[in-house]
Amino acid sequence: MSGYIMDLRKIVGHRPLLQVGASVIVEDRQGRILLQKRADNHCWGYPGGSVELDEVVEEAARRELLEETGLTAENLELFGIFSGKDTHYIYPNGDEVSNVDIVYLCKDYSGELKCQEDEVEELRFFSWEALPPNISPPLRKPLEAWAASKRK
């Protein structure tokens, strides 16, 4: 969780916060997507996290990808911006957020996969036809949009 969001939580507790996220959908050469199994809810999702104050969103996406997976994005392409009731979420600890998720697509990356301790249980590539059923709720719509783009 970002330092900014943690500071706000000290003031507002679990009350809903508007949270801006920067995320990355990583595709390998076979067109599969990299997903991570989250340690907090044990669901699958793509790498990403909160944008810090004054941080450039693309830089936040690169930072989160590196922190959570060990991969460095060489090129990022804006995939979409997702918000609304579909991205509203209550974390297992009771913190509530209304997410605005700015999602990038990355097909050009380097590095070795490495799970971030305490946040990521597993990293694995999935084809669009075989996405796991337990997707983290606020990430379902973006992942459905990604899968739909592969069917075309």
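So, threonine 87: what does it touch? If we skip residues up to four places away in sequence, threonine 87 touches Phe82, Val97, Asn99 and Pro138. Keep in mind that this is a predicted model, so everything I mention today is computed from it. Where does threonine 87 sit? You'll find threonine 87 in the loop between E5 and strand E6, and E6 covers residues 88–90. Is threonine 87 buried or exposed? Its relative accessibility is 1%, so threonine 87 counts as buried. One more thing about this residue: tyrosine 104 is 17 residues along the chain from threonine 87, and their C-alpha atoms are separated by 16 Å.

Okay, let's move on to the strands around that loop. E6 and E7 run antiparallel, and three bridges join them. One example to look for on the screen is tyrosine 89, which stands opposite valine 97 in E7. E6 and E7 also make a hairpin, with five residues between them. In that turn, glycine 94 has a positive phi of about 100°.

E5 pairs with E7 in the antiparallel sense, over nine bridges. There, threonine 72 has serine 110 in E7 as its bridge partner. And how do E1 and E7 pair? Those two go in the parallel sense, over 10 bridges. Glycine 21, for instance, has aspartate 101 in E7 as its bridge partner.

Let's go through the pairs. E2, residues 33–38, is joined to E8 by six bridges, and the two run antiparallel. On that side, isoleucine 33 stands opposite phenylalanine 126 in E8, and leucine 34 stands opposite phenylalanine 125. A handy rule while you're looking at neighbours like these: in a regular strand, the side chains alternate between the two faces of the sheet.

Then there's the E3 side. E2 and E3 pair in the antiparallel sense over two bridges, and glutamine 36 stands opposite glycine 45 in E3. E2 and E3 form a hairpin as well, with five residues between them. Histidine 42 is in that turn, and its phi is positive, about 60°.

Why do I keep pointing out positive phi values? Because most residues other than glycine have a negative phi. Here are two more that aren't glycine. Aspartate 54 has a positive phi of about 65°, and its place is the loop between E4 and H2. With 84% relative accessibility, aspartate 54 counts as exposed. Aspartate 118 has a positive phi of about 75°, and you'll find it in the loop between E7 and E8. Aspartate 118 counts as exposed too, at 75% relative accessibility.

H2 has 13 residues and reaches 18 Å from its first C-alpha to its last, close to the 18 Å expected at 1.5 Å a residue. Which residues of H2 are buried? They are Ala60, Ala61, Glu64, Leu65, Glu68 and Thr69. If you look down the axis of H2, those buried residues fall within an arc of 135°, so they line one face of the helix. What do they pack against? Strand E1 (17–26), E2, strand E4 (48–50), strand E5 (71–82), strand E7 (96–111) and E8.

Last stop: the largest pocket. How much space lies in it? About 750 Å³. The lining has 39 residues, and the ones nearest the centre are Arg38, Gly48, Gly49, Tyr91 and Glu119. Helix H1 (3–12), E1, E2, E4, H2 and E7 each supply at least two residues of that lining.

Valine 12 lies in helix H1 and is partly exposed, with a relative accessible area of 22%. Valine 12 and aspartate 95 are 83 residues apart in sequence, yet their C-alpha atoms are 9.8 Å apart in space.

Key
Residues numbered from 1 in each chain as written. Predicted model: local features only at pLDDT ≥ 70, side-chain atom pairs only at ≥ 80, totals over all residues. Heavy atoms only, no water. Pairing = 2+ DSSP bridges. Helix = DSSP H or I, 4+ residues; strand = E, 2+ residues; numbered from the N terminus. Expected span 1.5 Å × (residues − 1). Buried < 20%, exposed > 50% of the residue type's maximum accessible area, 1.4 Å probe, protein only. Arc of directions from axis to C-beta. Contact = heavy atoms within 4.5 Å. 1 Å grid on protein atoms, 1.4 Å probe; cavity = no way out; pocket = protein on both sides within 12 Å on 5 of 7 lines; lining within 4 Å. Points joined across faces, edges and corners; volume = space filled by probe spheres on them.
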